[in-house]
Amino acid sequence: MSFLLPELGFEYADLEPHIDARTMEIHHSKHHNGYTNNLNNALENVALTEQPIEEILRNLDMNNAALRNNAGGYYNHCLFWEILNPKDKKDLDGDLESAINSSFGSFENFKEGFSKAAATRFGSGWAWLCVKDGKLEICSSANQDNPIMPSIGCGGKPIMGIDVWEHAYYLNYQNRRADYITAFFDVVNWRVVSEKFKNA
Ligand code: MN
């Protein structure tokens, strides 16, 4: 068994003007494709090939750099494309809205906290909204690490994440990561995030 690059379910240009088509094309067909191929290569060296990606991440040997980087890169981008899918896009409402309000006080507070986690992640990495012990938490991780991996100081089940590697925004936003983070909120599909919250 090997992992496959997932289809996006939408066109590269569908997130414009917030995220441009060229960035999406390179990000999906080059970067994510690279993580996928390198994950499959890394799995040839260990006896894990029949496990779902979440199991591989949960039980990861953090000293296996090739597997850590590429299993993370594979999973993180799969989640990212899902929550950005513009098909049947929906505003935030229902149980997730209530949980955000009770965990962070208001949506604006949540947005500020999540944006700060994304903006202050030095170098490459991700910011996350996670469900941990039934509660929502914001955290961030370096490189392609994620909250499912053991002991990265950022735990729980991720239901939303933003990629803050420069490859995610540099063509359109150059050094303006904050503008990219603002734009990200314009393309989040809250229907998908709500489903992930329900299943977490
Ligand atoms: Mn990326």
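Colleague: Let's start with helix 4. Which residues are exposed on the other side of helix 4?
Modeller: D95 and S102 are exposed there. Bear in mind that this is a predicted model.

Colleague: And which residues of helix 4 are buried?
Modeller: Helix 4 covers residues 94-104, and its buried residues are L96, A99, I100 and F104. Looking down the axis of helix 4, those buried residues fall within an arc of 100°, so they line one face of the helix.

Colleague: Why would residues three or four places apart point the same way?
Modeller: An α-helix has 3.6 residues a turn, so residues with that spacing, three or four places, point the same way.

Colleague: OK, what covers the buried residues of helix 4?
Modeller: The cover includes helix 5 (107-120) and helix 8 (190-199), along with strand 1 (125-132), strand 2 (135-142) and strand 3 (157-163).

Colleague: Which residues other than glycine have a positive phi?
Modeller: D88 is one of them, with phi at about 55°. N143 is another, with phi near 50°.

Colleague: Where do D88 and N143 lie?
Modeller: D88 lies in the loop between helix 3 and helix 4, and N143 lies in the loop between strand 2 and strand 3. D88 counts as exposed, at 60% relative accessibility. N143 has a relative accessible area of 39%, and is partly exposed.

Colleague: Switching to peptide bonds: which two residues does a cis peptide bond join?
Modeller: E16 and P17, with omega at about 5°. P17 is found in the segment before helix 1.

Colleague: While we're at that end, T36 in helix 1: buried or exposed?
Modeller: T36 is buried, with a relative accessible area of 1%. Helix 1 takes in residues 21-43.

Colleague: What is T36 in contact with, leaving aside its neighbours within four places in sequence?
Modeller: T36 is in contact with F3, L4, L5 and Y74.

Colleague: Now A66 in helix 3. How far apart in space are A66 and N41, C-alpha to C-alpha?
Modeller: They are 8.9 Å apart in space and 25 residues apart in sequence. A66 counts as partly exposed, at 41% relative accessibility.

Colleague: On to helix 7, then. Which of its residues are buried?
Modeller: Helix 7 runs over residues 177-187, and the buried residues are R177, Y180, I181, A183, F184, F185 and V187. What covers them includes helix 3 (65-84), helix 5, helix 6 (170-173), helix 8 and strand 3.

Colleague: Let's zoom out. How many helices and strands does the protein have?
Modeller: Eight helices and three strands. Along the sequence, the pattern reads α-α-α-α-α-β-β-β-α-α-α. The radius of gyration is 16 Å, close to the 16 Å that the globule rule gives for 200 residues, so the protein is as compact as a globular protein of that length.

Colleague: And what does the C-alpha trace span along its principal axes?
Modeller: About 45 × 40 × 30 Å. Of the 200 residues, 46% count as buried.

Colleague: What share of contacts with a separation of 6 or more comes from residues 24 or more positions apart?
Modeller: Those residues account for 69% of them.

Colleague: Last one, surface and charges. How does that look?
Modeller: The accessible surface comes to about 9,700 Å², and 46% of that belongs to carbon and sulfur atoms. As for charges, there are 18 positive and 27 negative, and their mean positions are 3 Å apart.

Technical notes:
Residues numbered from 1 in each chain as written. Predicted model: local features only at pLDDT ≥ 70, side-chain atom pairs only at ≥ 80, totals over all residues. Heavy atoms only, no water. Helix = DSSP H or I, 4+ residues; strand = E, 2+ residues; numbered from the N terminus. Rg over C-alpha atoms; globule rule 2.2 N^0.38 Å. Buried < 20%, exposed > 50% of the residue type's maximum accessible area, 1.4 Å probe, protein only. Contact = heavy atoms within 4.5 Å. Areas by Shrake-Rupley, 256 points an atom, 1.4 Å probe, with all protein chains shown as cover. Lys, Arg positive; Asp, Glu negative; His and termini not counted. Charge placed at Lys NZ, Arg CZ, Asp CG, Glu CD. Arc of directions from axis to C-beta.
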